Amino acid sequence: MSNGTEHVSAKSEVFPPSDDVVAHANVPDYLAIRQAALDDPAAFWDARAKELIDWYEPYNEVLNTSNAPFYKWFTGGKINIVHNALDRHATSWRRNKLALIWESEDGEEVTYSYLKLWRRVNRFANVLKSMGVKKGDTVTIYMGRVPQLPIAMLATAKIGAIHSVVYGGFSEQALADRIADAKSKVVVTCDGAWLRGKTVNLKDITDEAVSRSPVVQKVIVYQRTGQDVKMVPGRDFWWHDLESLPIASPYCETEVMDAEDGLFILYTSGTTGKPKGLLHTCGGYQVHIAATLKYVFDIKEEDRYWCAADPGWITGHSYIVYAPLILGTTSFMYEGAPGYPYPDRWWEQIEKYAISILYTAPTAIRSLMRFGAEWADRHDLSSLRILGSVGEPINPEAWRWYYTHIGHERCPIMDTWWQTETGGFMITPTPVVPLKPGSGTLPFAGIQADVVREDGVPCDANEDGYLVVKYPWPGMARTVWGDPQRYEDTYWADFADQGWYFTGDSARRDEDGYFWIIGRMDDVIKVSGYRLGTAEVESALVSHPDVAEAACIGVPDELKGNVIHAFCILNAGVQGGDDLAAALRQHVRTEVGPIAMPAVVEFVDSLPKTRSGKIMRRLLKAQVLGKPLGDTSTLED
């Protein structure tokens, strides 16, 4: 993440759109549309709902504010996201258009036309029905990066159930907690997943998680690696066996849903206790993601679009699975990690498949930068016309490398800021907007965002403040699953008098009104673009028998954005050392997952606390970074 000085100095460096980009843009008059949307956001979203989405029955109200902050969008409308993503294309001229191109880590290629994908989704939807899944039930999905993951998501949504996708890097306990919270009776997983030439034992992890979650009745296993796994009779079923049965008909009626019915739960780390299950709904979410993808990435029929995220995160939900299919796009999906087995794997794939849009994270860009531009120079990247960035602010140095060596100074970079909670892009350029390296530019049309002081007064230009959203938007999460009070307390309490949503991020605006995201204001650490609550990592450390207390901070890292630095107070009589530090790192890996492993474990005798007992992590961070400690008036000792 860039520091504040770099943000401010970079603001004068402007990259205007080329005449050719503007001439061929889907929405060349975007800035005028955006200006009009500032005055009437609901009218803008109403127009997008009618332009991009088919409704079984029309809505009778665009936005209902009667129970704020539990807003409702497109009330009365009847809809199903799978109708818009698949059904209507499979029965149109797009039926033979490629919906998905998938390449495995070892180079296997599989393609799905819209018709083929529709049939596969129907078959698995019927399988889920045979397992007793009904409208409103939850299904937990824990898989590798294979086409069957989006197929399972779409099949769940088609029959009106709610999917909860858990990223395949999470551990047994993290998976068990999410299964239990969602009360999922059915879990869909793989025997294993391939990553950097090795297998991740997903079924073994699932077995352990299910043993801790007695609510689970059925486990469906997709065979990906062919490794030996334990299959529990009566509980566990092979995907391919179920699909071969007469129950798996290639036709399944799509469930008619209300616009405000639940579509999916996605868990995001919080600063306290268990992760939050954010509930997204059927109507507003798809309007938001379809509109943002069309406008921001200028999607055209001939595009081949690659969002290089994992479907298990919100980026994958919105911009791998749902929005591209709603727009009838051809997407590319890759199983493996960037740079494996060679640093030019991505550039090779862009050339091979003539990818025209690449949307990835700054972490990936920085990791590929390390190998040098010569790896990219070996390949013809001329098919690219738009680049994108997601997950964290992209530092200007990485922006320029991406622009120069991958886009060859002709591909605008769509630097998008948004959250699991927002559902879709919130602050972002479009190809016709002048760009500044490191800035997300402006709030998207229909989004009213601001940077304010603690009392709600707007900040001056280049003054750090709280990033807030002042008006509801259709893709917003509706609640925390099973805990509406936590939803209010977490997102709406800070500026309750004004009725604003607080993002939890700090930001600033420059003289041109461009937004620069600084980072989290709470105790959430972003590692490689993934949000991890300090509480979750600290709890894992304290669960080790030798640790009495722990505190974690995020420390800037050139490759990952941030890494975790852990401070541990040991139990009496226990001596710290390299062996124990290594054991604690491994313990966190087991309890939470590999992405949560601390880069540094430091043994200390005490931790800085307020008089009320809260650990002052900012003091730890200031000490590690060699910065002034600031206000210590509340420090106990």
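How many cavities of 30 Å³ or more does the count give? I took this as the opening entry, and the count came to four cavities. The model I worked from is a predicted one.

**Entry 1: cavities**

I looked up the largest cavity and noted about 80 Å³ of space in it. Its lining consists of Ala99, Leu100, Leu117, Pro150, Leu154, Ile320, Val321, Leu325, Ser331 and Met333. I then asked which elements give two or more residues to this lining, and found strand E4 (98–103), helix H7 (148–158), helix H12 (314–326) and strand E17 (330–334). The largest share, three residues, comes from H12. Sorted by class, the lining of the largest cavity holds nine nonpolar residues, one polar residue and no charged residues.

I recorded its lining as Val165, Val166, Tyr167, Phe170, Arg178, Leu266, Tyr267, Gly312 and Trp313. Here the classes divide into seven nonpolar, one polar and one charged.

**Entry 2: Asp87 and its partner**

I searched the whole structure for salt bridges and found 34. One that I followed up joins the side chains of Lys158 and Asp87, at 3.0 Å from N to O. Lys158 lies in helix H7 and Asp87 in helix H5, so this pair ties together parts that are 71 residues apart in sequence.

Is Asp87 buried or exposed? I noted a relative accessibility of 12% for Asp87, which therefore counts as buried, the cut-off being under 20%. Lys158 has a relative accessibility of 1%, so Lys158 also counts as buried.

I placed Asp87 within helix H5, which covers residues 81–90. I then listed what surrounds Asp87, leaving aside its neighbours within four places in sequence. The contacts are Tyr56, Val82, Trp118, Lys158 and Thr254.

**Entry 3: further salt bridges**

I looked up the pair Asp298 and Lys300, whose closest N and O atoms are 3.2 Å apart in a salt bridge. Asp298 is buried at 5% relative accessibility. Lys300 is buried as well, with a relative accessible area of 18%, because the cut-off for buried is under 20%.

Asp303 forms a salt bridge with Arg385, and I recorded 2.7 Å between the closest N and O atoms. This pair links distant parts of the chain, 82 residues apart. Asp303 sits in the loop between helix H11 (282–296) and strand E16 (304–307). Arg385 sits in the loop between helix H15 (374–377) and strand E19 (386–389). I checked the accessibility of both partners: Asp303 is buried, with a relative accessible area of 3%, whereas Arg385, at 24%, counts as partly exposed.

Which residues are linked in a network of salt bridges? I noted Glu103, Arg345, Glu348 and Lys352 as the members of one such network.

**Entry 4: strand E21**

I then looked up the pairing of E21 with strand E22 (residues 465–469). The two strands run antiparallel and are joined by four bridges. For Val452, I recorded Tyr466 as the bridge partner in E22.

How values were computed. Residues numbered from 1 in each chain as written. Predicted model: local features only at pLDDT ≥ 70, side-chain atom pairs only at ≥ 80, totals over all residues. Heavy atoms only, no water. 1 Å grid on protein atoms, 1.4 Å probe; cavity = no way out; pocket = protein on both sides within 12 Å on 5 of 7 lines; lining within 4 Å. Points joined across faces, edges and corners; volume = space filled by probe spheres on them. Nonpolar A, V, L, I, M, F, W, Y, C, P; charged D, E, K, R; others polar. Buried < 20%, exposed > 50% of the residue type's maximum accessible area, 1.4 Å probe, protein only. Contact = heavy atoms within 4.5 Å. Pairing = 2+ DSSP bridges. Salt bridge = Lys/Arg side-chain N within 4 Å of Asp/Glu carboxyl O.
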